[in-house]
Amino acid sequence: MDQDIWQNILDKLEENINPQSFKTWFSDTKLVDMTDKALMIRVATQFSANYLNQNYNEALSEISYSLYGRKYDIQFITNPHRVSDKSGEVPEYSGNRITMNTKLNERYNFEDFVVGSNNNFACSAAKAVAESPGYTYNPLFIYGESGMGKTHLMQAIGNFVSREGRNCSIYYTTSEAFTNEMIDGIRANKMSDFRAKFRKVDLLLVDDIHFLSRKEGTQEEFFHTFNALFENKKQIVLTSDRPPKDIPDLEKRLVTRFESGLTCDLKNPNFETRVAILRKKAEPENIVLSDDVFNFIADSITSSVRALEGSLIRILAFSSYNKLNPEEIDVAAASDILSDMISEKLRNISLDAITKQVCLSYSLSPAQMMEKTRKQNVAFPRQVAMYLANMLIPQLSLKEIAVYYNRKDHTTVLHAKKLIENQFREDEDFRSHVELMIKNIRN
């Protein structure tokens, strides 16, 4: 019966995507576990799992809702294990069992983190913390631009501690999730539960701490959480897109505490490290590319590690769709496939230019584009604009794009990115329309 649920979802999906794409990504999938909220699907490789989680999760959830009246959270994995309880609560275990928030991504480990001159110090510090949490570099504050590997290093610490089998509770969250949970605690009059949850963990990992900016109430609560953990020699690891002193409107007492341990940054990888990253990502998936193509990608895409990984996904998707082996891709073909990702060609593109072109294409004014409305004739072009902004101006953060388009937060941009990517991949007419807009924007 459980397998029937997944098969029915697949049957519906097959009606709506390209046959070759369906065969490439879904022919070998298998449901291995499920709860009332989630389905766990096994695939052959981690590369496939990453690609499907990034590009199909939302579409499949929508299909599950249309079939069963509930949006299953569909997780693609390579190693079967029980579906995570995503309630956010820290489960209690006895003996030497580890208490852990299951949001840690198993692929974020030290073995798969490519070390170069840009990140050697941060990686060494993270390993030291993992080996002796609470005693070495506490707190550890890692900062750098989006896509440099901050979350990877942070979660590698948690995964290392988990694998060591220590009697240790681990909790990973983001500053936004922390804020939302605090608000829920206030509304439900359960702040004592909220405080107990965060102040009793042994290893607290908080991503994107810069989003505490201007949130006075949350800063107050986090200050006391920080102190409670620190005084009990519990390890705290934080990430941010900037150093503590540069986070606007962050209380001085928090800046002082964030800087009291070790602060280290992740810089853009150099050419040699970018080549090593590409080879490291390609190797386990048997993606064979020539040295010239690896060197071309590393020389052309310099914005982030995430962009490098995205380039391989793009090449794999292209070769799969056109029934080619990746090794048949030469530099000219790679240049064409990745043209919208190559930073040198996109250096002078602005948000205003993107907005102007999208408005022209959809017969809107810039003022209409910024309206807080969900009407499809406005919302969809705005999603196209946010997608193009994320793709054509890689140095911009998701938050900056959201602010420009008068959206609530960066998750709106993420949603738009996934939605437009899916339509771009499946709808040939829409793809041609978007490519024409990109050409006009460049010109």
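F230 is found in helix α9, which spans residues 216-231; helices (H or I, at least four residues) are DSSP runs, numbered from the N terminus. The model is predicted, so local features need pLDDT of at least 70 and side-chain atom pairs count only at pLDDT 80 or more, whereas totals for chains, interfaces and linings use all residues. Residues are numbered from 1 along each chain as its sequence is written, and side-chain values use heavy atoms, with hydrogens and water left out.

F230 has a relative accessible area of 38% and is therefore partly exposed; buried means under 20%, exposed over 50%, and partly exposed in between, with a 1.4 Å probe and protein chains only. Residues are in contact when they have heavy atoms within 4.5 Å. Leaving aside residues up to four places away in sequence, F230 touches N138, P139 and I236. S397 is 167 residues from F230 along the chain, and the C-alpha atoms of the two are separated by 31 Å.

In soluble globular proteins, nonpolar side chains tend to be buried together. A nonpolar core is here a set of buried Ala, Val, Leu, Ile, Met, Phe, Trp, Tyr and Cys residues joined through side-chain atoms within 4.5 Å. The largest such core has 50 residues, and W6, F26 and I297 are among those with the most contacts inside it. Helix α13 (residues 305-321) gives the most to this core, namely seven residues. F26 touches several residues beyond four places away in sequence, including W6, L10, L60 and F76. Another core, of 30 residues, lies apart from the largest one; I349, L351, V358 and I438 are among its members.

Two packed helices are described by the angle between their axes and the distance between the axes. Axes are lines fitted to C-alpha atoms, for helices over the stretch in contact, and angles run from 0 to 180 degrees between N-to-C directions. The axes of α20 (residues 410-426) and α21 (residues 428-442) come within 6 Å and cross at roughly 110 degrees. The two helices are therefore roughly perpendicular, a term for angles of 65 to 115 degrees. In this contact, I420, Q423, F424, R425 and E426 of α20 meet E428, F430, R431, V434 and E435 of α21.

Finally, the cysteines may be considered. A disulfide is a pair of cysteine sulfur atoms within 2.5 Å, and the count comes to zero. C264 is in no disulfide, as the nearest cysteine sulfur, that of C123, is 9.9 Å away. C264 is buried, because its relative accessibility is 2%, and C359 is buried at 4%.

Methods:
Parallel < 35°, antiparallel > 145°, perpendicular 65-115°, else oblique.
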